[in-house]
Amino acid sequence: MAKKENKQYYSILEWIVNEGLVNEKGEPFDFKDRPFLLDILTDFSPRLVVTACAQVGKSVTFIMKVLFAVKYLRFNVIYTFPTDDDVKEFVASKVNKILQANLHEFEGMASDNIERKELNDRFIYFKGTISKSAAISTTADLRVHDETSRSDQNSLITYGSRTKASQYRGTWQFSNPGVERDSLDLEWQISDQKEWVVTCEHCKAEQYLTFPESLNLEKKYYQCQICKGQLADNTRRQGKWVKQNPESKISGYHVSHLMCAWIPAEDIIEESQGDPAYFNNFVLGKSYSPGDLSVTKTTILDLWTPKNLRTQKIFIGIDVGNIKHYVIRSELGILKMGRFSAWEELDDLIAFWKPTAGVIDAMPDNTASKHYVDTYPWMQMSFFQENNNNPQTIVWWGEGDKKGIVYSHRDRILDRMLTDMIEAKFLISVPTDKNFQDFIKHFETLRRTKVVNNKGIERYVWDSTTGQDHYVFACLYAFLAMQGDGAGMFFGENEEKTSVINADNVYDISKAWADNQD
């Protein structure tokens, strides 16, 4: 009997095609309706996170990646599920069936051992994070956390030590999301946040699909957010992954039912009328925290206008850090936003815009802030504190030796500014560039939550889920500068909206696949 030829594959797609591999049902892998899985399948980034809706094939995608990694990359892998029962069900219904259907590639691997699979002296260890058995003490090159959001979060941290000795040190997390700030959500927030971007066949605008903006709720079809034209199923199918946070080295993907060409709009609309937690987690693939008020991307896009908002009075707000962020506005709205490193750039901004008033962050180091207060009589430093003499006071200005300081109640002044945004009491007229995208992201991290102090008094505080909220406070300081000048005007015209898509980095695999379809 001839000895089987030992092949070496470097491409997982080539491996699947050339070896004729099939799924757990014995059917060839077909990406016609799931082209968005191609990039996830072929992405072997050491840190990989996928926040996804239900029933799109993510678990089978990752088990194929793991089998390839064991056989051809020579990895040892730890693969976790929330419980031991989840492990048993997954291995029996998915893993073993894939192994049995492809015996020519995995001969001897489809054993009755649920917790361990061996191939050519490399192993996959399957474990529950909420487990009655002892934790794994062996080392591995890669840990894969399936259903991360429903796993024991402390156990996931413990498993992190298992890959320390590996050169690869891989961590792949994927799940239907749960609440905000769990392991999956935190990893997604600092990832490159790839979204599936489609091109409207009518106006050619690029956009990723969101609810409810991408659906005509009355006529029940998918629509372009810009021209409102109906989007064909093939338009949703032939998208491309685009990084929204390209500076990150962590590879992240967001998958929702809106991307799935086989799911009609009426199904999405019907699901939206049920339990909001289920709808967000399992349909939209988004984390959900009930009771939190937030400023969304839609809120900010609704404020965008091509109208010239410049007036006689200009206000500037500066958030201080290693990278400084600024917002320039008039009484009518925001005119410019950006960031800088060298203080000389702020001097140039001041010389060009000639602000009427400004507020600069006093923290973390007030040396530079005090310099600008001393140099420009109209500039003030911001300190957050409560007014013990008059608890109802939200904003007040220092006098005497405190001159040049504006004090404010942090959460209540944020309430006031954000309420003005929600009620469209000011607009935004800036280029739809990277700065504007970051501006939106910083506001999207805000969550308003209820806390109870040691006296049992309830109040609401604003927190950022990522700490990346610099534009929020630059905007707030410009808002404070305007209040100090006595300015303020309601301005609420409805204006056309624009698309905000970062297309700096496009992954080509799914696009190449789409280009070669009939």
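The chain has 17 helices and 22 strands; helices (H or I, at least four residues) and strands (E, at least two) are DSSP runs, numbered from the N terminus. Residues are numbered from 1 along each chain as its sequence is written. Keep in mind that this is a predicted model, where local features need pLDDT of at least 70, side-chain atom pairs count only at pLDDT 80 or more, and totals for chains, interfaces and linings use all residues, while side-chain values use heavy atoms, with hydrogens and water left out.

Let's look at the chain as a whole. Of its 518 residues, 54% count as buried, where buried means under 20% relative accessible area, exposed means over 50%, and partly exposed lies in between (1.4 Å probe, protein chains only). Among contacts with a separation of 6 or more, 69% are between residues 24 or more positions apart; a contact here means heavy atoms within 4.5 Å.

Now for the charged side chains. How many salt bridges does a search of the whole structure find? There are 16 of them, each being a side-chain nitrogen of Lys or Arg within 4 Å of a carboxyl oxygen of Asp or Glu. Here are three of these pairs:

| Pair | Closest N to O distance |
|---|---|
| Glu 187 and Arg 47 | 2.9 Å |
| Lys 243 and Asp 192 | 3.9 Å |

Take the salt bridge of Glu 187 with Arg 47. Glu 187 sits in helix α7 (residues 183-189) and Arg 47 in strand β1 (residues 47-52), so this pair ties together parts that are 140 residues apart in sequence. Glu 187 is buried, at 9% relative accessible area, whereas Arg 47 is partly exposed, at 37%.

Next comes the salt bridge between Lys 243 and Asp 192. Because Lys 243 belongs to strand β11 (residues 240-243) and Asp 192 to the loop between α7 and β7 (194-199), the pair ties together parts 51 residues apart in sequence. Both Lys 243 and Asp 192 are buried.

Is Asp 438 buried or exposed? With 11% relative accessibility, Asp 438 counts as buried, while Lys 434 is partly exposed at 25%.

Salt bridges can also join up: Arg 74, Asp 121 and Arg 122 are linked in a network of them.
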